Amino acid sequence: MGVNHDRPSTLCLIPHLSSGPKEEKPEQINQTTEPEVTIKVKEEPKEESNETNMNITSPAFKNKEIIPVKYTCDGDNVNPPLMFENIPNESESLVLIVDDPDAPAKTWVHWMVYNIDSATTEIKENSVPQGASLGVNDFSRTNYGGPCPPSGTHRYFFKLYALDTKLEGLQDPT
């Protein structure tokens with residue numbers, strides 16, 4: 001069993017820190033006998049990669065935004081609709097894990113869906129893709145358990161993994 005990407009695609013509601021693209025400044029040389037000269041340093045072109053990162057989004061909320069109450073324990077407690085893009089062609093299956101790294105005792109798993117067909121491009125609200133399997137979450141259930149923090153603001157990560165195999169023979173994985 002292998003993973004096609006080093007990192008899963010994630011959707012969360014906390015800002016990511018990013019330095020952004022660096023602005024190139026010309027190198028300046030000052031000499032006392034001649035006027036100031038500006039030299040621009042030319043960078044070698046970077047090799048282009050054919051690899052595209054997987055992407056996961058939701059039409060119900062944007063990345064880094066608060067998850068609507070409908071998808072929490074204070075609302076209908078149903079999974080939000082999700083959209084997947086750029087799934088590697090060689091993938092055999094997908095795994096979706098929704099977790100809360102800010103839970104008091106450990107990272108709390110809210111939902112685990114595995115053996116999702118790799119051709120899947122969306123999961124509709126309050127549904128599980130046909131043929132997919134569910135793992136046991138930290139609520140000791142297999143269905144989606146929405147955000148329900150005991151206190152404070154928590155982050156929730158929707159992680160999508162592309163596998164080069166199906167996960168067979170698992171009984172109530174956690």
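How many salt bridges does the structure hold? The answer is five. Keep in mind that this is a predicted model. Here are my notes, point by point.

1. Start with lysine 70, which pairs with glutamate 125 in a salt bridge whose closest N and O atoms are 2.9 Å apart. Lysine 70 sits in the loop between strand 4 (55-57) and strand 5 (82-85), and glutamate 125 in the loop between strand 8 (122-123) and strand 9, so the bridge ties together parts that are 55 residues apart in sequence. Lysine 70 is partly exposed, with 35% relative accessibility, and glutamate 125 is also listed as partly exposed, at 32%.

2. Next, look at lysine 159 and aspartate 99, whose side chains meet in a salt bridge (2.9 Å, N to O). Here the link runs from strand to strand: lysine 159 belongs to strand 10 and aspartate 99 to strand 6 (residues 93-100), so parts 60 residues apart in sequence are tied together. What about aspartate 99: buried or exposed? It counts as buried, because its relative accessibility is 5% and the cut-off for buried is under 20%.

3. Another bridge joins aspartate 138 to lysine 106, with the closest N and O atoms 2.8 Å apart. Aspartate 138 is in the loop between strand 9 and strand 10, while lysine 106 is in the loop between strand 6 and strand 7 (108-117), so this pair ties together parts that are 32 residues apart in sequence. Aspartate 138 is partly exposed at 23% relative accessibility, and lysine 106 is partly exposed at 42%.

4. Now for asparagine 137, which you'll find in the loop between strand 9 (133-134) and strand 10 (157-163). A polar atom of its side chain lies 2.9 Å from the backbone nitrogen of phenylalanine 139. Leaving aside residues up to four places away in sequence, asparagine 137 touches Val109, His110 and Trp111, along with Asn143, Tyr144 and Gly145.

5. Last, the pockets. What is the volume of the largest pocket? It comes to about 220 Å³. There are 14 residues lining this pocket, and those nearest its centre are Ile66, Thr72, Pro147, Pro149 and Tyr156. Sorted by class, the lining has nine nonpolar residues, four polar ones and one charged.

Terms used. Residues numbered from 1 in each chain as written. Predicted model: local features only at pLDDT ≥ 70, side-chain atom pairs only at ≥ 80, totals over all residues. Heavy atoms only, no water. 1 Å grid on protein atoms, 1.4 Å probe; cavity = no way out; pocket = protein on both sides within 12 Å on 5 of 7 lines; lining within 4 Å. Points joined across faces, edges and corners; volume = space filled by probe spheres on them. Nonpolar A, V, L, I, M, F, W, Y, C, P; charged D, E, K, R; others polar. Helix = DSSP H or I, 4+ residues; strand = E, 2+ residues; numbered from the N terminus. Polar contact = N/O pair within 3.5 Å; in protein donor to acceptor, adjacent residues only side chain to side chain. Contact = heavy atoms within 4.5 Å. Salt bridge = Lys/Arg side-chain N within 4 Å of Asp/Glu carboxyl O. Buried < 20%, exposed > 50% of the residue type's maximum accessible area, 1.4 Å probe, protein only.
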